[in-house]
Amino acid sequence: MAQARASAPEPAPGRVGRAEAARWSGALDLLRLVRARPGVTRAEAARVLHVGSGTATEISSRLRALDLLSEHPAPPTGRGRPTTTLHAHPDGPLAVVVDVRQAEWRVAVADLEGTLSEAATGRHGSKRPEPVFGAIREAVAAIADRHGTRIRAVSVSAAATVRRGRIEQSSVLGWRDVEVAPLLPGVPQVLGNDATLAGLAEARLAHPGRSVLYLTIEVGIGGVYVDGDRAITGATGAGGEFGHAPFGDPGVPCPCGATGCWDVAVDGRAVARHLGEPEPDDPRAYLIDALVDPDARAAVAQCATTLGRGAAGLANVLDPEVVSFGGLAPEVRRAAPDAFAAAFEAGLMGFRRDDPPALIASALGPDAFLLGAAEAAFDEVLTEHGLASWVEARAD
Ligand SMILES: [Zn+2]
């Protein structure tokens, strides 16, 4: 099909829009492939995309001319014709990625291959959003000064419930109903929940194409279900608030307004409650200490039990192939492996016990939120509109 397209005659007037879309679709497929598999050979790309080698060569040379891809000779393998490896262009499109969390923000630059660079970090008092975003805006402006129109999107990850592109609430940050004004005027901006974005990165980078339930403990527990590389976030984008499923103690209120939430049953707040101590100011740091404190062992085991039971419940609901644990969740599980395993097994429906989902620890580490923000950013850049505006900006 794509080969026929390459040699097709000029389209009749009125069909230009569709022809243009078709022209970009092969290019978008190739760019998305290079994004998912940096350094893929052109020969392999042709196979994966089901196009002839002539078409792959034509598309990649077009993208090279537009500074969207670069090609290097591939090391000879001894069989087949010489080919090239495909990479981000050194002058290609970039995204600014931002991570806003308790007491800290981070900003970095992401390229087509997902490589992060030029990271900047700031501390904040977190009670008012304006000064926080003011400081971030300065860091973003400094990046834009260096890269100009190469910046094609700004993507913000926030430790907050995000709904219809706004911050609805964040007990972690102490914010409610915050509109995040453009950090770089004139550049498209996206905003997402941190756990949702981290899970998107985990699924696409570590388990491409599969059904992945991602669960992460920081302050509370969050996550996302990613099915075939697409995050399932509901009608308004506020889905995946797994921390507010009633897997906790029905008598315990949650700052979200509900009671019995999982959020307050698996983290540092839960450990403190089990030990009869007041709610910690920094539940994350408190949990890190508790994980190695012999006096907190039983309290941590209760959290591991609650983690296992909830994960089983969600596995029953969502039917994932993989359950991936991020943040402090792997450590909670490791601190009381028997308690976790017993609760997970007991919570699974009988038929699932013979073939349970794989339980793994995420390997993305603390960059997970920025990597997820980069995924969301390039979902905006790698569209027909995004590429057309790239071509337009280069012409100016
Ligand atoms: Zn809640």
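Predicted model: local features only at pLDDT ≥ 70, side-chain atom pairs only at ≥ 80, totals over all residues.
Q: Which residues are the protein donors of the zinc ion?
A: They are His244 through ND1, and Cys254, Cys256 and Cys261 through SG, at 1.9 to 2.3 Å from the ion. Donors are N, O and S atoms within 2.8 Å of the metal (3.2 Å for Na, K and Ca); water is not among the atoms, so sites may look incomplete.

Q: What spacing do the donors follow along the chain?
A: The pattern is H-x9-C-x1-C-x4-C.

Q: Why is the arrangement around the zinc ion tetrahedral?
A: The four donor atoms subtend angles of 104 to 114° around the zinc ion, and therefore the arrangement is tetrahedral. Four donors receive that label if all angles lie between 85 and 135 degrees. The ideal angle for four tetrahedral donors is 109.5 degrees.

Q: Cys261: buried or exposed?
A: Cys261 is buried, with a relative accessible area of 1%. Buried means under 20% relative accessible area, exposed over 50%, and partly exposed in between (1.4 Å probe, protein chains only). Cys256, another of the donors, is partly exposed at 26%.

Q: Turning to helices, how do α9 and α11 pack?
A: Helix α9 (residues 297–318) and helix α11 (residues 337–347) pack at about 30°, and their axes are 7 Å apart. That makes α9 roughly parallel to α11, a label for angles under 35 degrees. Axes are lines fitted to C-alpha atoms, for helices over the stretch in contact, and angles run from 0 to 180 degrees between N-to-C directions. Helices (H or I, at least four residues) and strands (E, at least two) are DSSP runs, numbered from the N terminus.

Q: Which residues meet there?
A: Among them are Ala301, Ala304 and Asn316 in α9, and Ala339, Phe340 and Gly347 in α11.

Q: What does Asn316 touch?
A: Not counting residues up to four places away in sequence, Asn316 touches Gly347, Leu348, Met349 and Arg352. Contact means heavy atoms within 4.5 Å. Asn316 is buried, with a relative accessible area of 18%.

Q: And how do α6 and α13 cross?
A: The axes of α6 (residues 194–206) and α13 (residues 368–381) come within 7 Å and cross at roughly 80°. That makes α6 roughly perpendicular to α13, a label for angles of 65 to 115 degrees. The contact includes Leu197 and Arg204 of α6, and Phe369 and Glu375 of α13.

Q: Where is Ala103, and what is its phi?
A: Ala103 is in the loop between β3 (94–101) and β4 (104–111). Its phi is positive, about 70°, although Ala103 is not a glycine. Most residues other than glycine have a negative phi. Ala103 is partly exposed, at 23% relative accessible area.

Q: What about Asp319?
A: Asp319, also not a glycine, has a positive phi near 60°. Asp319 is in the loop between α9 and β14 (322–327), and is partly exposed at 48%.

Q: Lastly, where does Gly350 lie?
A: Gly350 lies in helix α12 (residues 350–353) and is partly exposed, with 45% relative accessibility. Gly350 and Glu113 are 237 residues apart in sequence, and their C-alpha atoms are 42 Å apart in space.

How values were computed:
Residues numbered from 1 in each chain as written. Heavy atoms only, no water. Tetrahedral: all angles 85-135°; square planar, octahedral: opposite > 155°, others 65-115°. Parallel < 35°, antiparallel > 145°, perpendicular 65-115°, else oblique.
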